[in-house]
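My notebook is open and the viewer is running. Here is what I looked up, entry by entry.

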Amino acid sequence: MTLKMQDVEKAIREYFVNRGYIDLNLKPNQETSGHRIATPLEEEVYDALSKTYPGLAFKQHEAVNKYLSETVVQGRVPDGFVFGNEAVDSLVNPGKKALSSWPEELVPGKQSDTADIVLFSDSSLFDGSAVFLIDVKSHDLGKSDQPPNIMSARKLAKVAEICLSKNIDPNFSLYYIDLGYRKKDAGVVVEDVRMVDMMKIPPLDYNGKGKPLYINWSAAIQVQFRPSEVSQDFQLSQKDWLAIFMKNYTSQKRDRIYKEVHELGEQEKMLAEYYAKNGYVLEANRIISDRLEIKSPQESVEGVKKSNSQLGQNIGARNGLNQINQLRRLQNDNNSRGDLSL
């Protein structure tokens with residue numbers, strides 16, 4: 001069976017049309033937490049897909065436990081964790097602690113799981129079936145909320161690193177379902193269903209349209225977007241998407257590191273000058289000698305020759321010596337108080 005995202009989306013939409021009002025036993029006129037509504041709606045989507053695709057839809061931890069059970073029945077002892085290929089393994093691997101406790105303790109579901117639902121394209125499951133990792137998001141249509149956390153950018157960068165460095169074709173898709181609901185009495189009515197493919201969202205302004213995929217570096221380095229508001233215009237392959245995502249990720253990471261190192265340099269300079277002015281020149285010298293050097297984003301031009309790089313290192317070294325000499329002159333203007341015992 002060939003699974004298409006449009007068919008999965010249609011099945012979920014029809015389910016909620018038929019479902020209508022969903023009683024969640026909410027208290028009237030009282031603010032409720034997002035999880036109080038989101039978690040039951042995730043269960044509703046799981047119920048919809050389990051009925052539409054019997055034997056192919058699992059919660060992520062259920063799929064992992066089934067995989068582990070099948071390897072034991074078949075007499076295969078896996079070397080490590082091999083769920084599909086190395087790339088998808090990195091997304092669903094529950095970790096060494098959970099695996100070492102199995103089967104005495106089944107792998108539990110966790111909030112940090114990549115997907116709410118794992119949907120397979122056919123009954124071969126772990127033996128070649130394409131894997132659809134589906135995460136469910138929901139929002140109140142009567143409110144204007146911030147875009148939700150989608151997944152860790154670091155986790156996505158790790159997948160890209162595996163696929164690009166080892167030339168692995170991703171045999172999986174990352175789907176996000178956005179359920180728009182309205183509260184009614186003690187429950188909700190889902191009025192809008194939108195499903196998007198992560199690897200169809202332009203990860204970078206590569207064609208002069210749209211904005212780079214947003215990474216919130218202040219919120220656990222999370223990719224953030226509202227599935228119902230993103231474009232699905234990316235036309236290249238999944239590996240092309242991963243390469244362009246990494247271009248976006250590494251560019252933003254370098255900018256952030258440069259800003260941090262620049263701020264650190266200013267702070268260390270101030271501290272070194274303080275020590276030198278107060279006679280602790282040796283400690284000031286230590287601070288200057290240990291300072292980090294990093295090129296600015298503007299200086300990081302592709303194709304810079306090795307000789308130029310070496311020249312930059314020499315200039316950096318000379319700058320460090322000049323700063324030490326300046327600190328020594330500052331120290332000579334003060335009465336020496338000896339060094340600090342740090």
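**Entry 1: the aromatic cluster**

Which residues form one aromatic cluster? I found Trp217, Trp241, Phe245 and Tyr249 in it. Before going on, I noted that this is a predicted model, where local features need pLDDT of at least 70 and side-chain atom pairs count only at pLDDT 80 or more, while totals for chains, interfaces and linings use all residues. I also noted that residues are numbered from 1 along each chain as its sequence is written, and that side-chain values use heavy atoms, with hydrogens and water left out.

My search of the whole structure gave nine aromatic pairs. The rule is that rings of Phe, Tyr and Trp (its six-membered ring) pair if their centres lie within 6.5 Å; planes under 30 degrees apart count as stacked, over 60 as edge-to-face and the rest as tilted. I looked up tryptophan 217 with tyrosine 249: the ring centres are 5.5 Å apart and the planes stand at 25 degrees, so I wrote down "stacked". (Helices, H or I with at least four residues, and strands, E with at least two, are DSSP runs numbered from the N terminus.)

Then I checked burial (buried means under 20% relative accessible area, exposed over 50%, partly exposed in between, with a 1.4 Å probe and protein chains only). Phenylalanine 245 is buried at 0%, tyrosine 249 is buried at 6%, and tryptophan 217 is buried at 15%.

Buried or exposed, I asked of asparagine 248? It is buried, because its relative accessible area is 3%.

What does its side chain reach? I found the backbone oxygen of leucine 213 at 3.1 Å. The backbone oxygen of proline 203 lies 3.0 Å from a polar atom of the asparagine 248 side chain. Leaving out residues up to four places away in sequence, asparagine 248 touches Pro203, Leu204, Pro212 and Leu213 (contact means heavy atoms within 4.5 Å).

I also looked at glutamate 268, placed in helix H7, residues 238-277. Glutamate 268 counts as buried because its relative accessibility is 19%.

I traced six strands in an open sheet, ordered S1-S7-S6-S4-S3-S2, with mixed pairing (two strands pair if DSSP finds at least two bridges between them). Which are the edge strands? They are S1 (21-23) and S2 (57-59), each pairing on one side only. Neighbouring strands are turned by 35 degrees against each other on average, direction ignored.

Helix H1 (residues 5-19) packs on this sheet and touches S1, S3, S6 (172-184) and S7 (187-197). The direction of H1 makes about 175 degrees with that of S7. For such angles, axes are lines fitted to C-alpha atoms, for helices over the stretch in contact, and the angles run from 0 to 180 degrees between N-to-C directions.

I zoomed in on S2 and S3 (residues 117-120): they run antiparallel, joined by three bridges. Lysine 59 stands opposite isoleucine 117 in S3. Lysine 59 also lies over the face of tyrosine 46, at 5.2 Å from the ring centre (a charge sits over a ring if NZ of Lys or CZ of Arg is within 6 Å of the ring centre and within 35 degrees of the ring normal).

My reminder to myself: most residues other than glycine have a negative phi, and most peptide bonds are trans.

I looked up asparagine 25 and found a positive phi near 55 degrees. Asparagine 25 lies in the loop between S1 and helix H2 (34-52), and it is exposed at 61%. Isoleucine 221 has a positive phi as well, near 50 degrees. Isoleucine 221 sits in the loop between S8 (215-216) and S9 (222-224), and it is buried at 11%.

Where is the cis bond? I found it from tryptophan 102 to proline 103, with omega near 5 degrees. Proline 103 is in the loop between helix H5 (96-101) and S3.

How values were computed
A polar contact is a pair of N or O atoms within 3.5 Å; within protein, one must be able to donate a hydrogen and the other to accept it, and residues adjacent in sequence count only if both atoms are side-chain atoms.
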